[in-house]
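Visitor: Could you take me through this structure slowly, and tell me each time what a term rests on?

Guide: Gladly; here is the structure, and we can begin with a single residue.

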Amino acid sequence: MQIVADLGGVPGRDCRGYCKYCYFKKVKPIEALGCSSCPPNKIGCSRCREGIQEAGSEFQQPFTVINQVQSTLMMNPIRDNNLKINISGGGDVSCYPYLEDLIATLNQWQLPIHLGYTSGKGIDDGDIATKFINQGVDEVTYTLFAADANLRSEWMGDKSPEESLKAAQLFAESADLHAAAVIIPGVNDGEILRNTCEKLEEWGAKALMMMRFANSYDNGLILRNEPILEGVTPHEPLEFQELVSEINKEYSIRVTGTPLGDPTIKAPFILSNPEYKEFLEILPKVTGEATILTSKIAEPFISKIFSKIDAPDVNVVATKKDIACLMTKEDLEAIDLADVKESVILPGRAFVHQMDAERILSQDGTERIVGFGPDTLSVDGELSSGMSEEEVIEHELESFIDLIQAINFFGMKRI
């Protein structure tokens with residue numbers, strides 16, 4: 001269990017400036033997108049308005065953060081060996097002006113501390129890592145980009161890249177360093193990527209999470225800010241998955257990718273692999289008739305799973321969007337309704353209001369019923385890198401049970 005110490009902060013401002021590839025760059029004001037959290041008859045809520053833009057609060061004062069952690073600890077008095085404090089926020093953790101004092105105070109509870117996503121751009125003296133380790137920091141998620149000071153300076157706007165890399169090395173040597181890198185074709189892939197992996201391996205890093213660069217609406221840029229980088233074509237999903245697999249084979253650190261994949265445990269969608277067929281027998285019987293709308297990346301996996309169970313009245317239709325959680329009403333408008341049954345299941349986290357979905361999906365004269373399924377059906381490499389195969393299988397089974405229950409409810413056959 002991780003107790004979140006939320007620092008607040010705003011991307012671009014509380015991180016010493018945008019990285020060149022940051023998906024919050026050039027964000028334009030948008031109307032509420034709509035989602036499953038909205039009121040039934042109103043489009044717009046905190047999640048699909050300011051939440052998706054992370055236009056949240058200023059960095060919070062340390063006493064506010066400490067009080068929040070203390071309140072959570074009081075509500076969870078039973079402690080076990082897995083309890084940890086996760087320092088994170090909308091801004092860059094390393095740029096939080098009170099970070100040293102905060103860590104020193106949190107250390108008084110004698111709980112291990114996880115420094116959540118940080119670029120290290122706020123670190124001007126790499127030796128601070130040793131101090132943090134001595135004060136209980138035993139896990140760090142670090143956006144490295146590359147183990148190359150010049151590239152960090154150019155692409156991340158890091159004013160002290162050598163010190164940032166020194167800190168990363170110290171964290172890797174004495175704590176669990178989970179490095180992350182947005183992979184931009186022709187910039188930090190190829191030999192640069194392999195040099196980065198060699199350094200991480202040499203330092204003793206725990207893992208590397210490779211993040212596919214997004215540069216278009218279909219990739220997932222739904223804040224009207226495409227393209228982030230002119231003239232850059234991201235890796236195709238399967239091409240990226242193959243790159244992740246290659247790097248994983250070449251180095252001893254655990255390598256995962258988002259959105260694809262985790263070659264160590266065959267995630268996402270472990271249940272789609274033939275050797276896990278027996279787990280599908282746990283799933284309830286499909287009695288409903290429905291169309292599952294999803295992303296073009298997830299569709300082959302979901303289709304394969306439903307082909308292995310008795311579900312002749314269920315079909316899976318892919319939208320143009322790479323990531324199902326980032327589907328919007330524009331994705332629904334491009335679907336051929338001839339492929340869509342009278343009951344439709346949308347991803348639970350899609351940015352589509354039910355009213356919009358029902359209106360768009362009924363434009364051919366067939367009045368369709370729309371329901372939302374579970375938030376996720378599997379996990380990408382960002383999460384699976386910290387999970388076991390058993391934990392991912394358990395998550396997938398629970399999610400597919402929820403999905404089938406939604407199909408049986410919304411797609412109930414008429415007698």
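Visitor: Why is Lys266 called partly exposed?

Guide: Lys266 has a relative accessible area of 40%, and the term covers what lies between buried, under 20%, and exposed, over 50%, with a 1.4 Å probe and protein chains only; therefore Lys266 counts as partly exposed. Lys266 is placed in the loop between S7 and S8, and its phi is near 60°, a positive value in a residue other than glycine.

Visitor: What kind of model is this, and how are residues numbered?

Guide: The model is predicted, so local features need pLDDT of at least 70 and side-chain atom pairs count only at pLDDT 80 or more, while totals for chains, interfaces and linings use all residues. Residues are numbered from 1 along each chain as its sequence is written, and side-chain values use heavy atoms, leaving out hydrogens and water.

Visitor: What makes Phe145 buried rather than exposed?

Guide: The relative accessibility of Phe145 is 2%, and therefore this residue counts as buried. Phe145 lies in the loop between strand S4 (137-143) and helix H5 (149-156), where helices (H or I, at least four residues) and strands (E, at least two) are DSSP runs numbered from the N terminus. Phi of Phe145 is near 70°, which is positive although the residue is not glycine.

Visitor: Which peptide bonds here are cis?

Guide: Among them are the bond from Glu226 to Pro227, with omega near -15°, and the bond joining Leu260 and Gly261, with omega about -5°.

Visitor: What makes a group of residues a nonpolar core?

Guide: The name is given to a set of buried Ala, Val, Leu, Ile, Met, Phe, Trp, Tyr and Cys residues joined through side-chain atoms within 4.5 Å. The largest such core has 55 residues, and Phe171 is one of those with the most contacts inside it. Helix H6 (residues 161-174) supplies the largest share of this core, six residues. Apart from it lies another core, of 33 residues, including Phe269 and Val392.

Visitor: Why are strands S9 and S11 said to stand at the edges of their sheet?

Guide: Two strands pair if DSSP finds at least two bridges between them, and here four strands form an open sheet in the order S9-S8-S10-S11, with parallel pairing. Strand S9 (314-318) and strand S11 (369-372) each have a single partner strand, so one side of each is left without a neighbour in the sheet.

Visitor: How many bridges join S10 and S11?

Guide: Strand S10 (residues 343-346) pairs with S11 over four bridges, in the parallel sense, and Ser343 has Ile369 as its bridge partner in S11.
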